[in-house]
2 protein chains.
Amino acid sequence: MLSKSKVNVIQSVSRAIQIIRCFENYEELGVTEISKMAGLHKSTAFGLIATLEANKLIEKNEHTGKYRLGLELFRLGTKVNSTLRHITVPYLEQLVKMYQETVNLVVIDDLSVIYLEKVESKRSMNISTMVGGRLPLYCTAVGKAIMAGLPSNELNNKLERMEFRKYTNNTASDKNSIMKSLELIRSKGYAEDNEELEIGLSCIAAPIYNHFNIPFAAISLSGPTSRMSEHLRKEISVTLMNYTREISMKLGCNKFKEESKW
Amino acid sequence: MLSKSKVNVIQSVSRAIQIIRCFENYEELGVTEISKMAGLHKSTAFGLIATLEANKLIEKNEHTGKYRLGLELFRLGTKVNSTLRHITVPYLEQLVKMYQETVNLVVIDDLSVIYLEKVESKRSMNISTMVGGRLPLYCTAVGKAIMAGLPSNELNNKLERMEFRKYTNNTASDKNSIMKSLELIRSKGYAEDNEELEIGLSCIAAPIYNHFNIPFAAISLSGPTSRMSEHLRKEISVTLMNYTREISMKLGCNKFKEESKW
DNA sequence: AACAATGTACTATAATATAGAACAATGCAC
DNA sequence: GTGCATTGTTCTATATTATAGTACATTGTT
């Protein structure tokens with residue numbers, strides 16, 4: 001036995017998940033291929049594969065005899081964060097109508113944001129984000145918008161573990177510069193990305209709060225810097241903050257109700 | 001032991017998948033709730049849950065102590081049929097630009113189609129299809145477009161097992177009426193749904209072929225019947241067929257190359 | 001404050017996943 | 001077309017592992 005990274009995990013289940021992960025970079029795989037990739041006995045892999053197939057998480061291509069990811073996996077994936085997505089998508093569509101730029105919904109996942117939804121404008125430039133994709137917190141407007149509202153201990157814990165990479169000259173490259181920009185974001189209520197990830201690409205984002213008043217998601221609008229005048233950015237930021245306030249309240253957040261009381 | 005629906009399935013893996021399915025209708029569940037729903041011992045459920053959590057397929061909400069579906073499940077779901085989706089989405093976006101109606105990509109799954117992608121127009125009416133959702137083959141344009149090109153034995157096998165339900169007065173309600181309409185679809189190369197699923201909703205679809213020249217997916221354009229003039233429908237059908245021909249060829253289908261030879 | 005319900009840890013045992021071997025089916029080379 | 005190599009699949013014995021019982025910790029409720 002090689003290594004048992006964590007105790008109390010059920011071997012066969014972890015192995016089955018490992019098999020699913022084999023398909024991340026390959027559309028079709030055979031039993032032997034899978035067993036080699038996963039370091040499993042051919043016979044063991046076969047049993048796990050048969051189980052995944054019986055549950056439609058993978059499918060057998062009857063023509064090639066090979067396996068591929070199954071529709072049940074897709075369907076189950078659509079159930080993840082479904083409340084948030086159902087509430088938010090109409091706002092995204094409204095934003096595209098208003099500004100004709102690409103808009104996104106993300107959630108935080110440790111040191112990254114994961115893109116849950118994207119609605120593209122007709123005239124959108126091809127932006128390098130993909131639904132299901134992941135980008136670092138520190139160089140995206142959405143990431144910074146979320147970070148700005150985190151409890152300080154949680155924020156510090158994250159900042160300590162970050163590894164900075166300079167995507168462009170504008171990318172923040174250390175903890176201090178991030179902390180400074182978060183300060184500004186807190187006072188404004190929204191975040192901007194001025195070509196910090198990609199030259200020519202600007203982005204404005206506002207955070208979504210859960211019912212513990214903690215930000216965990218964000219929506220953003222991205223477009224070519226050339227179209228993002230100072231005036232327009234201001235206008236967009238107001239709209240975003242109005243929308244995220246509504247979304248947060250629908251999620252049970254009472255942060256804004258309290259504000260109106262006082 | 002109650003029932004073992006299939007031999008050669010690994011119990012713990014099937015149980016883990018069963019636990020994931022518990023979250024289809026519930027956003028958050030606790031250990032005890034899950035164990036009751038799945039008919040498992042609390043302690044058994046706990047081990048499976050811990051394993052799923054370690055693999056990020058479910059996540060623990062630290063505030064409530066309950067579990068929810070994890071982002072890794074979402075991410076893996078986005079890998080399903082990724083080639084087809086990457087090739088097709090640009091065509092969907094082009095269609096929306098041209099006709100300003102909602103367009104869809106589906107794949108066949110036994111007696112249903114599953115919606116993989118949807119691109120909505122600004123002026124789209126709210127149509128009751130959802131990404132990840134499922135509709136019967138016999139009452140959708142996409143379903144009929146695919147059926148029309150299936151090998152006859154496979155088609156018959158499906159028709160035998162179908163249970164017809166009359167969604168509207170236009171819904172086909174038996175095998176013969178479907179077979180007749182498939183005949184027409186074969187000669188035209190595309191399928192239509194004239195309020196067969198929902199009154200007021202019309203739909204046009206064309207099939208996508210895999211590299212065995214078998215249709216397995218389809219794209220469609222849906223809109224209110226009032227906007228779908230005979231002339232426009234004809235034009236849309238031509239565009240759809242051009243696009244699906246291109247998509248099919250990119251997938252390695254040589255059906256159309258052969259045609260041009262002769 | 002007492003109770004109930006839930007999440008978590010530990011352990012013995014029975015049940016089950018595992019890997020080996022052997023066979024079948026397929027594809028490839030010559 | 002024949003033989004070889006590779007892959008998919010079945011079967012079985014064994015030892016590993018998942019399981020459920022018990023007990024404890026933690027939380028929330030009345």
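Student: How many Å separate the centres of domain 1 of chain A and domain 2 of chain A?

Tutor: The separation is 36 Å, taken over C-alpha atoms. Domain 1 covers 11-77 and domain 2 covers 82-261; such bounds come from an automatic or database domain assignment. This is a predicted model, where local features need pLDDT of at least 70, side-chain atom pairs count only at pLDDT 80 or more, and totals for chains, interfaces and linings use all residues. Residues are numbered from 1 along each chain as its sequence is written, and chains are lettered from A and ligands numbered from 1 in the order in which they are written.

Student: Why is strand E3 of chain A called largely enclosed?

Tutor: A residue is buried if 20 or more other C-beta atoms, placed from the backbone, lie within 10 Å of its own, exposed if 12 or fewer, and partly exposed in between. Seven of the eight residues of E3(A), residues 102-109, are buried, so the rest of the structure largely encloses this strand. A strand here is a DSSP run of at least two residues (E), numbered from the N terminus.

Student: What makes E3(A) and E4(A) a pair?

Tutor: Pairing requires that DSSP finds at least two bridges between two strands. E3(A) and E4(A), residues 112-119, have seven bridges in the antiparallel sense, with A:Ile108 opposite A:Val113. In their hairpin, which has two residues between the strands, A:Asp110 takes a positive phi near 55°.

Student: Which sense does the pairing of E3(A) with E8(A) take?

Tutor: E3(A) and E8(A), residues 215-224, pair in the antiparallel sense over six bridges. A:Thr102 stands opposite A:Ser222 there.

Note on methods:
Helix = DSSP H or I, 4+ residues; strand = E, 2+ residues; numbered from the N terminus.
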